[in-house]
Amino acid sequence: MATLHICRDHNFVTQSSRLFEEYYPGENIFVIHSVTGKLKIIRDAAGFMVMNLYDRSNHARLLEICRERGVDRIVLHALVDYMPTLLGYLRQNIEFKTYWIFWGYELYETIGYEKGYKLVDEPFSPFRKECYFTPNRVSKFIRKITHNYRPAAFESLFPHIDYFCFWNKSDYDLLRKYYDYPIEFRYFSYGSNRKGQEPTNLAPLDRAESGVILVNHQASLFGNHTTVLKRLDEIDPDHSHDIIAPLSYGSAPIRKSVLKAGRKMFGDRFKPILDYMPAAEYFKIINNVDVAIFGQRRQEASGNIIELLKNGVKVFLRNDNNLLGYYRDKGYIIYSFEDDLADESALRPLSLEEKRHNRKCYLENRTYYDDFMPHLFDDCISQNKHTS
């Protein structure tokens, strides 16, 4: 009995390999897709197989490995467009269960193009090149004729998947709303805790006000930066706050357009983060802001959001973002962009009492690997305690 993990070159992979080896020692085969055979993000490739999974000769190689090791489970760490061909080939020759560890873009991109799910605020304009990255009929046509239409591949994967693995059941419910496949939910979180482990990155809650606002977490089209910046310009016309916008990773065209808009509207008050930095340094910066505003109309940036909530930052999310309801159900004080960000008074920080309340919510809602990892592959388990 063994598990084949198919992964992207991403910083989650090293952490994930350690986690699965801890709970299922000696049963894991990690394969990282790379067209060139080289890795850009993962620094140490020891323990990983690196291969180009668009090359069908490598599918036969994987089949041989699966037979030798007795693979009966395949874990997909996010979906990639070569996977339908690969899984279809493997399923013709061996039996296995497929576990999809959900990242987000796979479902939202698919329903954005195929189901008209609105992710971006600004209407299509042929003169704005960003619109050609947006899920709409024109960009869908362009992607199809350039053979770069990934949502079709993602949708064709759904019949191959047995389990949707994630910590937010609302995204699973969204999948089932649009696609009637017998996929089951399994709780999984890359970012859980070990029992007995002390919470990390807890900033002092009684720090002085900074007058700083954080806008989004990356240069992403789905961040709707223009919507957020315009609202700030309207409710604070004197520009009495500094605005931090992390743009050190994401889309280069979006970064360029956000820089242009931010500097035009706010001048020196707009302070983009353009350089990569260690996580500890980044969290030190964002945990010192008073207010954070996220413009996504979809679940995204959850790692940043929980970091901010636990450290007393006032957070605004869009009504369409299911994380707003998720965190409210957990008891957090968190605000709606549409309903609550109405005037400058909304930019006041949380009170110390409110900060302590959110810290308490965080400590009471911590999740632990021991609660789900030993049972992730069980044939019949209840997930109710994780999703209530």
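Predicted model: local features only at pLDDT ≥ 70, side-chain atom pairs only at ≥ 80, totals over all residues.
Local features need pLDDT of at least 70 and side-chain atom pairs count only at pLDDT 80 or more, while totals for chains, interfaces and linings use all residues. Residues are numbered from 1 along each chain as its sequence is written, and side-chain values use heavy atoms, with hydrogens and water left out.

Q: Which residues of helix α7 are buried, and how wide an arc do they cover around the axis?
A: Helices (H or I, at least four residues) and strands (E, at least two) are DSSP runs numbered from the N terminus, and buried means under 20% relative accessible area, exposed over 50%, partly exposed in between (1.4 Å probe, protein chains only). In α7, residues 169–178, the buried residues are D171, Y172, L174 and L175. Because the arc, taken from the directions from the helix axis to the C-beta atoms, is so limited, they lie on the same side of α7, covering only 155°.

Q: Which residue forms a salt bridge with R297, and in which loop does that partner lie?
A: A salt bridge is a side-chain nitrogen of Lys or Arg within 4 Å of a carboxyl oxygen of Asp or Glu, and the side chain of R297 meets its partner at 3.0 Å, N to O. The pair links distant parts of the chain, 176 residues apart, with R297 in the loop between β11 (291–293) and α11 (302–310). The partner, in the loop between α4 and α5 (137–145), is D121.

Q: What is the relative accessible area of R318?
A: The side chain of R318 also meets D121 in a salt bridge, at 3.0 Å, N to O. R318 is buried, its relative accessible area being 5%.
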